[in-house]
Amino acid sequence: MPVMKGFSPFRHRRRSVGKFTVTTTSAVLMDKLANSKICADEECSYALSMAVALDDFTAPDCRFINIKKDQMIYVYSKLTPEEGTGVFWSGSVYSERYVDQMGILGYFPSNLVKETTKFKKDIDTVEIPTADVDFYCF
């Protein structure tokens with residue numbers, strides 16, 4: 001399995017037990033949500049659109065982000081659905097009320113948001129494969 005340079009898929013926790021320091025490691029391997037995605041550019045660094053949350057969403061694991069009803073979201077990619085899977089988009093929340101969440105990228109169900117502004121037309125987008133590296137949640 002390829003691993004990015006400087007990246008460890010494991011979380012290391014150190015705690016003191018008497019005069020000793022104990023290090024424990026834990027990680028959970030997560031399945032890929034899709035094999036490809038639609039982006040504005042090859043690096044998915046430009047937003048495709050802005051969307052508004054129609055309802056609250058609580059992230060089930062570390063791949064997802066929490067969103068609140070009426071919160072604005074920058075949409076950076078749209079996963080290409082496979083048979084039997086849900087449709088997820090990735091993005092980052094935008095809100096003065098939730099400043100601590102701004103800049104955190106994650107997935108959310110596309111049916112819980114409504115696009116308000118499209119920055120790229122569908123013909124100007126690119127479809128690229130999702131990363132081959134497995135995703136770990138801690």
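Select K78 and W89 to begin: the charged end of K78 sits over the ring of W89, 4.5 Å from its centre. The term requires NZ of Lys or CZ of Arg within 6 Å of the ring centre and within 35 degrees of the ring normal.

This is a predicted model, in which local features need pLDDT of at least 70 and side-chain atom pairs count only at pLDDT 80 or more, while totals for chains, interfaces and linings use all residues. Residues are numbered from 1 along each chain as its sequence is written, and side-chain values use heavy atoms, with hydrogens and water left out.

Next, select F64 and Y107. The structure holds 3 aromatic pairs (ring centres of Phe, Tyr or Trp, the last by its six-membered ring, within 6.5 Å; planes under 30 degrees apart are stacked, over 60 edge-to-face, the rest tilted). The F64 and Y107 ring centres lie 6.3 Å apart with planes at 65 degrees, so this pair is edge-to-face. Both residues are buried (under 20% relative accessible area; exposed is over 50%, partly exposed in between, with a 1.4 Å probe and protein chains only).

Finally, select C39 and C44, which form a disulfide with sulfur atoms 1.8 Å apart (the cut-off is a pair of cysteine sulfur atoms within 2.5 Å). The structure holds 1 disulfide. The torsion about its S-S bond is about 65 degrees, so the disulfide of C39 and C44 is right-handed. C39 is buried at 0% relative accessibility, and C44 is buried with a relative accessible area of 14%.
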